[in-house]
Amino acid sequence: MPVETRSIRDRSAVGRFPSVTLGLGEDTEEEKEEPEPEYNAEKENACRQWLRKVCPCCCPKSNDDDITDTVVTAIDDLDKGEETNGEKPVTGDGELDELLLKVQSIDLMKSKSGQNRTEHHTNLYQSDDFVIRRGQTFQMWITLSRPFNPDTDKLHLELKTGPLPAVAKGTHVIIPLVEDLEDNRWEAAVVKQVDKRIKLSVNSLPTAAIGRYQLIVETNCASGKAVSKHEPANDIYMLFNPWFEDDTVFMDSEDERQEYVLNDVGRIYYGTQNQIGVRTWNYGQFNDGILAACLYVLEKSGTPPSGWGDPVNVVRIISAMINSPDDLGVLEGNWSGDYSLGTSPTVWSGSVEILKEYYKNSGTPVKYGQCWIFAGVVTTVLRCLGIPSRTVTNFSSAHDTDVSLTTDVYLDENLEPIAYLNADSIWNFHVWNDCWMARPDLPPGNGGWQAVDATPQETSQGTFRCGPASLAAVRNGQVYLKHDSPFVFAEVNSDKIYWQKNVDGTFTQIYSEKKTVGHFISTKAVGSNERNDITHLYKHPEGSEEERIAVETACRYGTKAEAFSSPTAEDVSVEVTMEGEGPKMGGDAELSLILRNSSSEQRKVFLHSQVAVMYYTGVNKATVRKDSTDVDLLPNEEKVLEWTLEYKDYKDQLIDQAALMMTLSGRVKETQQVLATQFSFRLRTPDLILKPIGKPVVGEKMAVEISFTNPLPQVLKAVIFHVEGLGLLTARKINYGDIGSRATVSLTENFVPTLPGPRKLLASLDCRQLTQVHGVTDITVQDKSNGTL
């Protein structure tokens, strides 16, 4: 039987030595008998010797080690000996393809309105990616090259995440095909078969690492193995699952899940405890590109994806990565008042622009942020990843720099503050986050809300981060429980202790205030725009026995445990009050100083006051006024002193939040009792007035009119307006120019809504002379089909 011999480079048959041709023309010699299937060493050696003589460069003398075999399959010999009329013989690939079970396509059923994304509560993500939550079943279709036979065919899924996927680390997941699914396992089952298509129901672990997984399908049958090609469009984005009770972030209340996971707009509180202000913030966790940006933040941290299944660890990573001092995180903080190299913190109205800029610029920190912006971005990232979270504001928030768990104020012999020693500060307000999770790493009872703070204040284990700290632990003074409970405790419940310098350079504790720190701890209420006071979650009622026990328990672990001595008798007190909502920017500030003598004897009080413009962080910028006076008090008398700060005294020193602080100190002549208190207040800024123009319909042009009245008797220079709204328009910066003294201006911005439903349009104004000016309006957008009826 004639057999065609082929050039070595054209041969695909393996497992034996091929016949030889010089490749100089067609082979015409016919072999007189079938080739031996066995290997003939002598014949091979003779051929090779002859070829080596003809062309030694093409066929050098070789050792046994130089011979390379390719993979053997049982199909290779099927076509041996067939006539091909000068064409290459068929190698059996067609028959092999028919016998092999190959994946032709994968359909993850990832439509936003489909079963998977609806049941997994991921239908709000504005992307076509397959976004699901861990621990919950999802469905998928696989189209095969032939019908699947469960008796002879095998199939399994493989998921890989991270740079070095490993089965032992949970980053390379092999999902077997089983008959019946069981909870808390990676498993898949065929639930439907239609000719060559099979529908799988797939289970994931409730402890699975979150992130982006690559998906491949491997099939096995008697004819061999086939592996599907990785398609990026079939990548699976796995998130935490607050709806699944075996997930450590499980939250029982549907109303709370709607607020703390699915609400993409919120409210952030600022100001002082006596003048609480509020601004709307676009979290935008479902915007297209935000999930990718959040996962990029995790990747940029350099932490192994094997740890991304633990929400405690993920929250700790995010806390570190939202600030930039030691890891080139998302935001660069700036409290200097000079924002010329970036965006002023008061301009931002949401997180979307910040996260997209960080992602677009390959991890270059965005300029600039302050505490409420760090917190707003953390809420966006955590909600996007599936961890219930909220933005929290603490008024009169202590910053303890020496782990004393007290806020220390040092005064000289004349009762004036010693600036270089007063490192501890009390911020008018400070904004951080609560996130919800079980804490299996702590004693029972410490799960639930956890405090996490991304503002870079102090390092934790060498990195600028804070939390998660259990609110239950903070409330009870259990500051030895991780993470960073001492710092959070001091923020909300430290005593303020005044120390006076002695002649020999030492300091004596002269006074302590037990109710100064941690007031009106606020967050947006569930399902409404009301302010929800959650102070009771952080501390027992001020002055209660439980609260004092918590303070003393905590301070046993601080550096100044000896500061807690028995209180001295007091019969004179001083208090600062303010009427109504307080002074407006551009006007005079009026306060009342109330002195009370509770004794039956006359008292003479020396009173010293100092008013300073300060950053909202409690750091003084400049002292604008000092006063001293003697006050005589009759027995049981209450005396009110009116105090006024004129606009001309502070106008050249104001920055950012228009915050001021009065420090009062004094001594009672007869008893040597020391009086001391501090009072923070701010100058209220006007709102922007937003008026929608036109009918709000998806895809149709409309406009908004923005109005503003300058409250100052001076020109505002280089005014910038900033406008944005989720589903309405992407962030825009408008360089308006100057606005005259007391002048009213308006401008109109056109935009085309892209999403239906209730929406919020936000605007802010920024310039050197005036900040923290903003406004919001509600717009209900109709779908295009409804709008044309």
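1. Start with the hairpin: β38 and β39 make one, with six residues between the two strands. Look at Gln 772 in that turn, where phi is positive at about 55°. Keep in mind that this is a predicted model.

2. How many bridges hold β38 and β39 together? Nine, and the pairing is antiparallel, with β39 covering residues 773–781.

3. β38 has another antiparallel partner to look at: strand β35 (residues 716–725), joined to β38 by five bridges. Here Val 723 stands opposite Ala 763 in β38.

4. Is β38 enclosed or open to the outside? Nine of its ten residues (the strand runs 757–766) are buried, so β38 is largely enclosed by the rest of the structure. Buried here means under 20% relative accessible area. As a reminder for when you look along the strand, side chains in a regular strand alternate between the two faces of the sheet.

5. Now for the open sheet. Three strands make it up, in the order β33-β34-β37, and their pairing is antiparallel. The edge strands are β33 (689–693) and β37 (744–751), each of which pairs on one side only. From one strand to the next, the twist averages 20°.

6. Within that sheet, β33 and β34 (residues 702–709) run antiparallel and are joined by five bridges. A handy pair to find on screen is Ile 693, which stands opposite Ala 703 in β34.

Terms used
Residues numbered from 1 in each chain as written. Predicted model: local features only at pLDDT ≥ 70, side-chain atom pairs only at ≥ 80, totals over all residues. Heavy atoms only, no water. Pairing = 2+ DSSP bridges. Helix = DSSP H or I, 4+ residues; strand = E, 2+ residues; numbered from the N terminus. Axes fitted to C-alpha atoms, helices over the stretch in contact; angles between N-to-C directions. Buried < 20%, exposed > 50% of the residue type's maximum accessible area, 1.4 Å probe, protein only.
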